[in-house]
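Please look over the structure shown here before reading on. The report that follows takes a few of its residues in turn and describes where each one sits.

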Amino acid sequence: GGPLEGYTYTLDEEIDQEDQQEEYKTFFEQVADEWIEILDMKGAFMNSLYRDDSTMDGELRIVWFAWILNGSIFDDLIATDTAMVTFSVLFVWIWMNIHIDSFFIA
């Protein structure tokens, strides 16, 4: 429940609660880091760790999500997808440059 200790309102109230929300976010990030370690989820170049299969003991598939972490998870996915797009465009440009033999036309 809420509010957190030291606060008088929950996040549902329309009163400015940025500090309380940061405390919630910090807590959820710590919990998410623990789950990532427990599930042995690993990211790689151009592959977010959130795309890794989250299974426990090879049999139990775990799906987890927290609205408060939505922004940071989305940022991680965007970063890996942007790297993939950048690499793809660069690869195509180099490929065309080699086969057309022209820096400007490629």
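Predicted model: local features only at pLDDT ≥ 70, side-chain atom pairs only at ≥ 80, totals over all residues.

Asp101 lies in the segment after α2, and its phi is positive, at about 65°, although Asp101 is not a glycine.

Asp40 is another residue other than glycine with a positive phi, in this case near 55°. Its place is in the loop between α1 (18-38) and β1 (55-56). With a relative accessible area of 47%, Asp40 is partly exposed, since that label covers values between the 20% limit for buried and the 50% limit for exposed.

## Phe103 in the segment after α2

Phe103 is also placed in the segment after α2, the helix that spans 70-100. Its relative accessibility is 52%, and therefore Phe103 counts as exposed. When neighbours within four places in sequence are left aside, Phe103 is in contact with Trp93 and Asn97.

From C-alpha to C-alpha, Phe103 and Lys25 are 48 Å apart in space, while 78 residues separate them in sequence.

## Thr80 in helix α2

Is Thr80 buried or exposed? Thr80, whose place is in helix α2, has a relative accessibility of 12% and so counts as buried, because buried means under 20%. If residues up to four places away in sequence are not counted, Thr80 touches Met46, Asn47 and Ser48.

## Aromatic pairs

How many aromatic pairs does the structure hold? There are three aromatic pairs in the structure. In one of them, the ring centres of Phe27 and Phe28 are 5.6 Å apart and the ring planes stand at 75°, so this pair is edge-to-face, a label that applies because the angle is over 60 degrees. Phe27 is partly exposed, with a relative accessibility of 47%, and Phe28 is likewise partly exposed, with a value of 29%.

Phe87 and Phe91 form an aromatic pair that is stacked, with 6.5 Å from centre to centre and 25° between the planes. Together with Trp95, Phe87 and Phe91 form one aromatic cluster.

## The largest pocket

The largest pocket holds about 200 Å³ of space. Which residues line the largest pocket? Its lining is made up of Met41, Tyr50, Asp52, Asp53, Ser54, Arg61, Ile62, Val63, Trp64, Phe65 and Ile73.

The charged residues include Asp52, Asp53 and Arg61, whereas Ser54 is counted as polar.

Notes:
Residues numbered from 1 in each chain as written. Heavy atoms only, no water. 1 Å grid on protein atoms, 1.4 Å probe; cavity = no way out; pocket = protein on both sides within 12 Å on 5 of 7 lines; lining within 4 Å. Points joined across faces, edges and corners; volume = space filled by probe spheres on them. Helix = DSSP H or I, 4+ residues; strand = E, 2+ residues; numbered from the N terminus. Buried < 20%, exposed > 50% of the residue type's maximum accessible area, 1.4 Å probe, protein only. Contact = heavy atoms within 4.5 Å. Phe/Tyr/Trp six-rings, centres within 6.5 Å; stacked < 30°, edge-to-face > 60°.
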